[in-house]
Amino acid sequence: MNITDDDSPNGARNAAFTPPGDGAGTERAGRGRKALLSSSMVGSTNRGRVLQALFDLGPTSRAELARLAGVNRTTISGIVQPLIDDQVLVESDPVPANPGGGKPARPLWFSPHARPICGVLLMPDAVHACVATLDGKIESERKIALPDGRGPVQPIIETIAQCVGDTLAKARRTPFGIGVGVGGMVDTDRGSIVTVNLAPSLDRYPLADDLGRRFGLPVKLDHHPRALLVGDRWFGAGRGVRQFAVVYTGEVLGGALYFDGHLYRGTAGAGGELGHTFVQLDGELCRCGRRGCWDTIATLSWLRREAARAALPEADLVDSARLVDMAARRLPGAAELLDRYARNVAVGIANLQQTVAPNIFILHGDVVLGGDRLLTAIADHVRAMVPSRPGGAIEFIAGDAGDRAALLGAAGLVISELLQLPI
Ligand SMILES: [Zn+2]
């Protein structure tokens with residue numbers, strides 16, 4: 001952790017030489033020259049870094065934070081005291097430092113009275129909202145099915161607003177903001193939906209503006225796999241890690257990348273369309289209109305079609321859990337299909353590993369239902385496809401098959417915003 005000293009009365013000395021934030025919009029400044037920060041920005045940057053360190057380390061004392069940042073306790077106290085006064089942080093009861101004496105440590109952690117965060121997961125068929133604490137405990141949630149995604153847009157929007165409104169009504173304090181993970185392409189600069197393949201009525205809808213107006217809160221919109229990544233980064237297996245990727249499988253396929261300490265979004269959030277990277281030139285026709293996308297060979301629709309071809313029972317209901325179960329019961333064709341599915345999922349992961357080498361992959365969605373057997377099969381295929389390199393051990397972690405990680409991640413989008421702003 002780098003803390004920038006802002007004790008000096010001279011503003012010029014207060015410059016922090018690392019741009020804060022998650023990388024979006026700072027690419028130009030980061031290339032060749034670094035933007036200098038104003039005095040007030042130094043304050044918010046330091047607050048952000050202390051909060052970030054707490055997320056990464058868990059409850060930590062002022063002395064330990066000072067030691068890690070290489071600054072004195074006075075500097076740390078100057079940063080954390082306003083956060084304690086604002087009830088964002090709380091200092092717990094003293095725990096003895098060690099038997100030899102020394103001042104008892106009082107670990108700092110997020111206050112249960114801090115304003116919560118609101119997360120919304122918007123998928124083509126349903127909207128799911130939650131209010132969560134800053135350390136990732138869901139306090140209330142609500143899920144409502146959406147009207148037909150090809151019908152008029154207003155009933156869909158009213159249903160989303162009702163779901164969010166009902167959830168906010170149960171919050172004990174006004175949340176810091178609302179984060180929305182969308183199962184479709186989004187323009188993160190404008191806070192609008194670009195396209196939701198299975199609910200075209202939502203295309204180009206300025207959802208962040210609309211929800212912001214209705215609820216009077218800042219609203220942050222992002223792509224569903226990036227919400228998953230944010231969830232893993234703040235509350236899950238990605239905590240404290242510099243580099244990792246998430247891959248989501250199911251009816252759709254997607255992924256996101258945490259790269260050198262930043263969530264990588266690409267220009268206006270257009271990056272991360274992993275499902276539509278090509279794995280076979282002139283391959284099958286994809287729902288995006290192109291051919292040979294990864295999406296055409298590693299989603300549930302591929303799996304169900306192939307299950308029918310292999311004459312497996314109830315092919316239209318097959319998912320990873322059922323497939324692994326059928327393979328365990330030695331149904332003819334099941335083990336072969338399991339291996340082909342694992343290989344098809346692996347090929348996209350191998351391409352990502354070859355391109356940016358995140359080395360840690362957290363898998364979410366349907367494949368998680370396949371348990372250790374499917375995860376191991378995917379990992380084995382990836383390792384066979386990627387040449388081994390020194391320091392190149394690749395780790396696979398099972399994430400969440402349900403909505404929880406994405407909901408918390410959507411709420412976590414608010415934290416990412418919070419870290420860049422004066423509180
Ligand atoms: Zn495609």
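Author: Gladly, and please keep in mind throughout that this is a predicted model. Let us begin with a pair of helices: the axes of α10 and helix α12 (residues 371-385) come within 7 Å and cross at roughly 50 degrees.

Reader: What angle do helix α9 and helix α10 make?

Author: Helix α9 (residues 320-328) packs against helix α10 (residues 334-356) at an angle of about 135 degrees, and their axes are 8 Å apart. Since only angles over 145 degrees count as roughly antiparallel, α9 and α10 are therefore oblique to each other. The crossing of α9 and α10 is left-handed, and the contact is made by S320, L323, V324, M326 and A327 of α9 together with A334, A335, L337, L338 and Y341 of α10. The residues of that contact divide into 9 nonpolar, 1 polar and no charged.

Reader: Where would I look to see what the buried residues of α6 pack against?

Author: Start from the helix itself, which spans residues 207-215 and has L207, A208, D210, L211 and G212 as its buried residues. These pack against α5 (153-169) and against the strands β3 (117-122), β6 (178-182), β8 (192-195) and β9 (219-223). For the helix partner, the axes of α5 and α6 come within 11 Å and cross at roughly 45 degrees, and that makes α5 oblique to α6. The crossing of α5 and α6 is right-handed, with I157, A161, V164 and L168 among the contacting residues of α5, and L207, D210, L211, R214 and F215 those of α6. The residues of this contact divide into 8 nonpolar, 2 polar and 3 charged.

Reader: Which residue follows α6, and is its phi positive or negative?

Author: The residue after α6 is G216, whose phi is positive, near 65 degrees. As a general rule, most residues other than glycine have a negative phi. D260 is not a glycine, and yet its phi is positive, at about 50 degrees; D260 is found in the loop between β11 (254-259) and β12 (262-264) and is partly exposed, with a relative accessible area of 45%. E314, likewise a residue other than glycine, has a positive phi near 45 degrees, and E314 is found in the loop between α8 (300-309) and α9.

Reader: How many helices and strands does the chain have, and what share of its residues count as buried?

Author: The chain has 13 helices and 14 strands, and of its 423 residues 52% count as buried. Among contacts between residues at least 6 apart in sequence, 61% join residues at least 24 apart.

Technical notes
Residues are numbered from 1 along each chain as its sequence is written. This is a predicted model: local features need pLDDT of at least 70, side-chain atom pairs count only at pLDDT 80 or more; totals for chains, interfaces and linings use all residues. Side-chain values use heavy atoms; hydrogens and water are left out. Helices (H or I, at least four residues) and strands (E, at least two) are DSSP runs, numbered from the N terminus. Buried means under 20% relative accessible area, exposed over 50%, partly exposed in between (1.4 Å probe, protein chains only). Contact means heavy atoms within 4.5 Å. Axes are lines fitted to C-alpha atoms, for helices over the stretch in contact, and angles run from 0 to 180 degrees between N-to-C directions. Angles under 35 degrees count as roughly parallel, over 145 as roughly antiparallel, 65 to 115 as roughly perpendicular and the rest as oblique. A crossing is left-handed if the near helix is turned anticlockwise from the far one by less than a right angle, and right-handed if clockwise. Ala, Val, Leu, Ile, Met, Phe, Trp, Tyr, Cys and Pro count as nonpolar, Asp, Glu, Lys and Arg as charged, and the others, Gly among them, as polar.
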